[in-house]
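Biologist: I would like to learn how to read a fold like this. Please take me through it feature by feature.

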Amino acid sequence: MSRLFLALGLLTGTLCGPTDASAVQALAAAKPVSLTVDYGDGVQKRFTVIPWKPGMTVLDVLETARKHPRGIRFKYRGSGSRAFLFQIDDIENEGKGDNWIFRVNGTLGDRSFAIFKLNAGDAVLWEFGKSK
């Protein structure tokens, strides 16, 4: 069984063969994820229909937003569990002051954004400010 159909089976709760159209429909009907970038000065950018894919991470969401015609720019260093975002658009982390932090569905991220996996319908928020 291909990995795609195995992932679809896990998503829908049933293992299926490549001819099971219901699994394909379940993936197609998966709710998109959203991204909000809050610059901390009353300005926000929102991307409300980013297509969800199995295995998608917060980094994947940022990369999708970067490709949008009115997208964002961001900089980070490292990779995997050591990836660290330090700038979105022209706003850079201040170290002891305000910094970029992310939340998923209102919960502060507890690991690197590059490995933080998302579920269909998740809402990602990057905000510039002090961690609350």
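Biologist: Where is N105 found?
Modeller: N105 is in the loop between β6 and β7 (107–108). Strands are DSSP E runs of at least two residues, and helices are H or I runs of at least four, numbered from the N terminus. This is a predicted model: local features need pLDDT of at least 70, side-chain atom pairs count only at pLDDT 80 or more, and totals for chains, interfaces and linings use all residues. Residues are numbered from 1 along each chain as its sequence is written, and side-chain values use heavy atoms, without hydrogens and water.

Biologist: What is the phi of N105?
Modeller: Most residues other than glycine have a negative phi. N105 has a positive phi, near 55 degrees. D89 also has a positive phi, about 50 degrees, and is not a glycine. D89 lies in the loop between β4 and β5 (91–92).

Biologist: Is D89 buried or exposed?
Modeller: Buried means under 20% relative accessible area, exposed over 50%, partly exposed in between (1.4 Å probe, protein chains only). D89 counts as buried because its relative accessibility is 9%. N105, at 47%, counts as partly exposed.

Biologist: Which residues touch the most other members of the largest nonpolar core?
Modeller: Nonpolar side chains tend to be buried together in soluble globular proteins. A nonpolar core joins buried Ala, Val, Leu, Ile, Met, Phe, Trp, Tyr and Cys residues through side-chain atoms within 4.5 Å. Here the largest has 29 residues; L35, V58, I72, I88, W100, F113 and W126 touch the most other members. α3 gives the most to this core, five residues.
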